Amino acid sequence: MSEGKRADICTVGVDFGTESGRAVVVRTSDGEELASAVCAYPHGVMDRELPDGRELPPEWALQDPEDYIEVLRRAVPEAVRESGVDPASIVGVGIDFTSCTILPVKEDGTPLCTLPEWRDEPHAWVKLWKHHASQPQADEVNELARKTGQSWLARYGGKISSEWFFPKVLQILEEAPEVYREADRIIEAADWIVWRLCGVETRNTCTAGYKAIYQDGRFPDDEFFGGLHPGLAGVVDEKMKRELSPLGSRAGGLTAEAAGWTGLREGTAVAVGNVDAHVCAPAAGVVEPGKMVIIAGTSNCHLVLGDRLVEVPGMCGVVEDGIVPGYYGYEAGQSGVGDIFGWFVRHAVPPEYHEAARRTGIDLHGHLEGEAAKQRPGEHGLLALDWWNGNRSVLVDAGLSGMLVGATLATRAPDIYRALIESTAYGTRKIIETFKQSGVAVDGLVIAGGLMKNRLLMQIYADVTGYPLDVIASEQGPALGSAMHAAVAAGVYRDIAEASRHMSRVHEDVYRPIEENRRVYDALYREYETLHDYFGRGENDVMKRLKKIQRESKGGEREAQSTA
């Protein structure tokens, strides 16, 4: 397509995050973002109870799929209105989703949880990516895979996470077999929302490869699944869809109903779904090996491309063509980053800091950032482990928990806030070093995601890792990446690499390591590694013993309530 024609053409990218969905209208000729809009999920994350008040056990994280439709009804039309673009000039829609987020549905795509008879059954709802209650099932998957010598296990760092597809499916089968039987499909939310947009059921190669053990053109065989549970033997044929659609391909066109939700033209091209982090790589201009993209937000995701297949301990996965066609896409991640800071601000900051933030007219995060930035590295005397939501890489263990060492009666809130930021930087450095030691090149870092606005965090990441940080120019990196894939699906560009060359924008070397800070952080990182291995590699499993006591205590509490 000629440059002149592209100048008048736009696409829409929709990013479905953990707490909200956002839509952005993007010009295809140069990636200019003309307008964006955000819609918070009305039900948020359900980790304590269902809407009817039914209590949820520990480690659960559910959502309402109708909240995702609300994003299409509110955020997309608002972004289109704000952009001033004629819907006739919008040729494609692309979506990305936090993953692995799954839901059981009927043959026509109706979620079980929307049916009256299933509203009070927790297993009928969406299981969000950070649903960790399927850790026992993940343990079963890993044990059987090791026992039977499954070759694919090494491609996931030696462990399948409780956050992934099949542990969650197995949990449904084991704990709510009636839900498993009733579900005609169990599907990634990314694929479900595409289904609702265009009326065509698809399965994308990204979520299948990274989250559902799809390697070398196939899922694990029925014998393996039957070894986990006899009822799981036919899971792929009975509950999934073997045919996969490559990234950037056209899933279909907007239905009349979806056109009514979004305000776009019926028949507008809909791209195959994608994962929020992975779709961000081309938006950050990374379409070949060398630079690692870190999407820093609620959690961190680390992505790097390679031209050969190697095994990296504790990686989340490596998938051929999983991010950019022609390369192996490597993924690692941290289960909690922004979530950790959010927890601390909500639950552990004294009133005096709230009042000081109000006086200065900034939010509490901004106030604590400013206070913590006054300190030199090491000044607070603290060291934290970044496992407040488990460890995704390189230990792959959702049973781990957070830790703070060095606190005294003199410790104050900004000290802890800074120590928590530093802990996530140490976790990122551990991931980078593991990749490099395994033979995957990491020559530079590009940061995307909401946390790139935290200047203290960015400087600490540069100091701890020793890399200058490039920063994506867009505040909506995943949505921009989805808009790029929409441009490919609509035929504006022949592939995602070409779309990236035209539509991505990156600011280079925005943050540079400070040598004096690096020396201090090198020493602190060595202490972090000591704690990391002591508590994370089996020398002391106190974190898991505490969780076991917690589960038993809560179980006894519920039993006491039921007999009262």
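Colleague: Why are helix H16 and helix H19 called roughly perpendicular to each other?

Modeller: In this predicted model, the axes of helix H16 (residues 455–465) and helix H19 (residues 515–536) cross at roughly 70 degrees. Angles of 65 to 115 degrees count as roughly perpendicular, and H16 and H19 are therefore described in that way. Their axes come within 8 Å, and the crossing is right-handed.

Colleague: Which residues make the contact between H16 and H19?

Modeller: Helix H16 contributes Ile-460, Asp-463 and Val-464, while helix H19 contributes Asn-517, Arg-518 and Tyr-521. By class, the residues of this contact are three nonpolar, one polar and two charged.

Colleague: What makes H12 roughly antiparallel to H15?

Modeller: Helix H12 (residues 338–347) and helix H15 (residues 413–437) pack at an angle of about 165 degrees. An angle over 145 degrees counts as roughly antiparallel, and H12 is therefore roughly antiparallel to H15. The axes of H12 and H15 are 10 Å apart, and the crossing of these helices is right-handed.

Colleague: Which residues of H12 and of H15 make the contact, and how do they divide into nonpolar, polar and charged?

Modeller: On the side of H12 the contact involves Ile-340, Phe-341, Phe-344 and Val-345. On the side of H15 it involves Ala-413, Ile-416, Tyr-417, Leu-420, Ile-421 and Thr-424. The residues of the contact of H12 with H15 comprise nine nonpolar, one polar and no charged.

Colleague: What makes the largest cavity a cavity, and what volume does it have?

Modeller: The name cavity applies because a 1.4 Å probe fits at its points but cannot get out. The structure holds one cavity of 30 Å³ or more, and the largest cavity has a volume of about 70 Å³.

Colleague: Which residues line the largest cavity?

Modeller: The lining is made up of Phe-165, Glu-188, Asp-191, Arg-203, Asn-204, Thr-207, Ala-208, Ala-212, Phe-219 and Met-240. These residues divide into five nonpolar, two polar and three charged. Glu-188, Asp-191 and Arg-203 are placed in the charged class because Glu, Asp and Arg are listed there.

Colleague: What is the peptide bond from Ser-99 to Cys-100, and what is the one from Ser-393 to Val-394?

Modeller: The bond from Ser-99 to Cys-100 is cis, with omega near 15 degrees. The bond from Ser-393 to Val-394 is also cis, with omega near 5 degrees. Cys-100 lies in the loop between strand E5 (90–97) and strand E6 (102–105), and Val-394 lies in the loop between strand E16 (383–385) and strand E17 (403–405).

How values were computed
Residues are numbered from 1 along each chain as its sequence is written. This is a predicted model: local features need pLDDT of at least 70, side-chain atom pairs count only at pLDDT 80 or more; totals for chains, interfaces and linings use all residues. Side-chain values use heavy atoms; hydrogens and water are left out. Axes are lines fitted to C-alpha atoms, for helices over the stretch in contact, and angles run from 0 to 180 degrees between N-to-C directions. Helices (H or I, at least four residues) and strands (E, at least two) are DSSP runs, numbered from the N terminus. Angles under 35 degrees count as roughly parallel, over 145 as roughly antiparallel, 65 to 115 as roughly perpendicular and the rest as oblique. A crossing is left-handed if the near helix is turned anticlockwise from the far one by less than a right angle, and right-handed if clockwise. Contact means heavy atoms within 4.5 Å. On a 1 Å grid over the protein atoms alone, a cavity is a set of points where a 1.4 Å probe fits but cannot get out, and a pocket is an open set with protein on both sides within 12 Å along at least five of seven lines; lining residues have an atom within 4 Å of a point. Grid points are joined across faces, edges and corners, and a volume is the space filled by probe spheres set on the points.
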